[in-house]
Each structure stands twice: as structure tokens, then as C-alpha cells.
Amino acid sequence: MSNKNKYTGIDLFCGIGGFRLAMQDNDVKCVFSSDIDNFAQQTYNANFGEVPVGDITKIEAKDIPHFDILTAGFPCQPFSQAGKRQGFSDEGRGNMFDYICAIIEERGKLDDKPRFLLLENVSNLKGHDNGNTWRIIQERLDALGYYVSGEILSPHQFGIPQHRKRIYIVGLRKDLVDSKE
């Protein structure tokens with residue numbers, strides 16, 4: 001890693017690479033990417049010169065290289081107002097948050113938990129199941145050792161002519177704040 005890159009990151013459920021662009025713009029070296037969709041993989045490859053690993057459920061967390069920042073735009077269909085709203089019980093999509101937590105937990109066993117988390121989903125996630133989904137996400141990340149906040153933002157708030165509300169969930173490892181590092 002060059003001196004220019006202070007941090008490393010992984011890009012889960014990476015799609016065509018929105019988080020990857022943000023990492024690159026902020027001198028974060030992406031060391032691992034994953035997406036199950038073949039067309040997204042092709043576009044990601046065209047954008048960044050690498051094909052993301054496929055199904056994250058088939059990857060051992062210990063096989064992912066060291067990383068400081070975990071980004072993930074985990075599947076939103078189970079939490080969307082337009083969908084069936086099955087939430088975490090939507091097998092194969094709704095349970096992908098579990099894999100994020102499993103990666104964090106496994107990295108913790110290696111004394112290598114990510115410093116920061118940045119997750120993205122539909123804005124309805126915050127109110128899904130009368131707020132229970134958001135409560136569960138907060139509780140699980142808290143139990144894994146993170147201070148968590150979530151903010152609903154839309155590109156139009158930043159001068160981009162598009163209304164697309166999304167929730168951005170930021171996690172900061174508690175020991176970093178508590179130690180004043």
C-alpha cells in the first residue's frame with residue numbers, strides 16, 4: 001500500500017462501484033469487492049479493471065484481506081415500500097445483513113475488526129416493520145462494538161438533480177472513540 005492510501009476498504013454488494021469511487025476519491029485502497037450479479041460484475045470490471053468475487057455467502061471472512069473500512073449496499077428489495085416487505089425473513093436477500101455481521105465478527109476473532117462501516121439501503125429501512133428492522137440493525141452493530149447512526153439523504157440535497165432517498169448507516173468502532181485515537 002502506498003503512503004498515499006491511509007486506509008483499505010472492501011466493497012460488498014458493490015453493484016457497479018459507487019462506494020469504490022468514493023473510496024478512490026478519498027485515497028482508500030479497495031482490497032476486495034463482491035457482487036453476485038453478472039452484469040454488475042461486468043460493469044465493475046469495465047470501471048475498475050477487476051471482477052468482483054461472486055456470492056459473498058460462499059466466501060470465508062478469514063480469506064478477505066485486512067481492511068479498515070467496510071462498505072455495503074446490501075439488497076434493498078426486502079425493505080422497500082414497493083416490495084413484499086419481508087425484511088430479514090426474505091431468504092437470499094433479507095438475510096444479507098447477517099453476512100456483514102458475520103464478517104465483522106470473524107474479523108474480531110482475528111483482532112482485525114474494521115474501523116469504520118458505511119452501509120446503504122432504501123430510506124424505508126428505518127421505518128420497516130414499525131422500526132424493528134432499524135432497531136435490530138442498531139443493536140447488532142452496537143453488540144459488535146460500533147457506535148451507529150443513520151441518516152436519510154438524497155442526491156438533490158447535494159446539488160444533483162435527482163430525488164432518491166436512501167439511508168446511510170455509519171459505524172465507528174467504539175474503542176477508537178473511547179481511546180481518543
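Start at the second largest pocket, to whose lining α1, β3 and β4 each supply at least two residues; helices (H or I, at least four residues) and strands (E, at least two) are DSSP runs, numbered from the N terminus. The model is a predicted one, in which local features need pLDDT of at least 70 and side-chain atom pairs count only at pLDDT 80 or more, while totals for chains, interfaces and linings use all residues. Residues are numbered from 1 along each chain as its sequence is written, and side-chain values use heavy atoms, with hydrogens and water left out.

Select F19, A22, M23, N26, V28, I69, T71, F116, L117, L118 and V170, which line this second largest pocket. On a 1 Å grid over the protein atoms alone, a pocket is an open set of points where a 1.4 Å probe fits, with protein on both sides within 12 Å along at least five of seven lines, and lining residues have an atom within 4 Å of a point. The volume here is about 200 Å³, taken as the space filled by probe spheres set on the points, which are joined across faces, edges and corners. The lining has nine nonpolar, two polar and no charged residues, where Ala, Val, Leu, Ile, Met, Phe, Trp, Tyr, Cys and Pro count as nonpolar, Asp, Glu, Lys and Arg as charged, and the others, Gly among them, as polar.

Next, select F13, G15, G73, E120 and R166, which are the closest to the centre of the largest pocket among the 37 residues that line it. About 1,000 Å³ of space lies in this largest pocket, and β1, α1 (18-25), β4 and β6 are the elements that give two or more residues to its lining. By class, that lining has 18 nonpolar, eleven polar and eight charged residues.

Now colour the sheet, which is open and has six strands in the order β2-β1-β3-β4-β6-β5, with mixed pairing; two strands pair if DSSP finds at least two bridges between them. At its edges, β2 (28-34) and β5 (146-153) each pair on one side only.

Finally, select strand β1 (residues 7-12), which pairs in the parallel sense with β3 (residues 69-72) over four bridges, and there D11 stands opposite T71. With β2, strand β1 pairs in the parallel sense over six bridges, and G9 stands opposite C30 of β2. Which residues of β1 are covered can be checked in the viewer: five of its six are buried, meaning under 20% relative accessible area, against over 50% for exposed and in between for partly exposed (1.4 Å probe, protein chains only).
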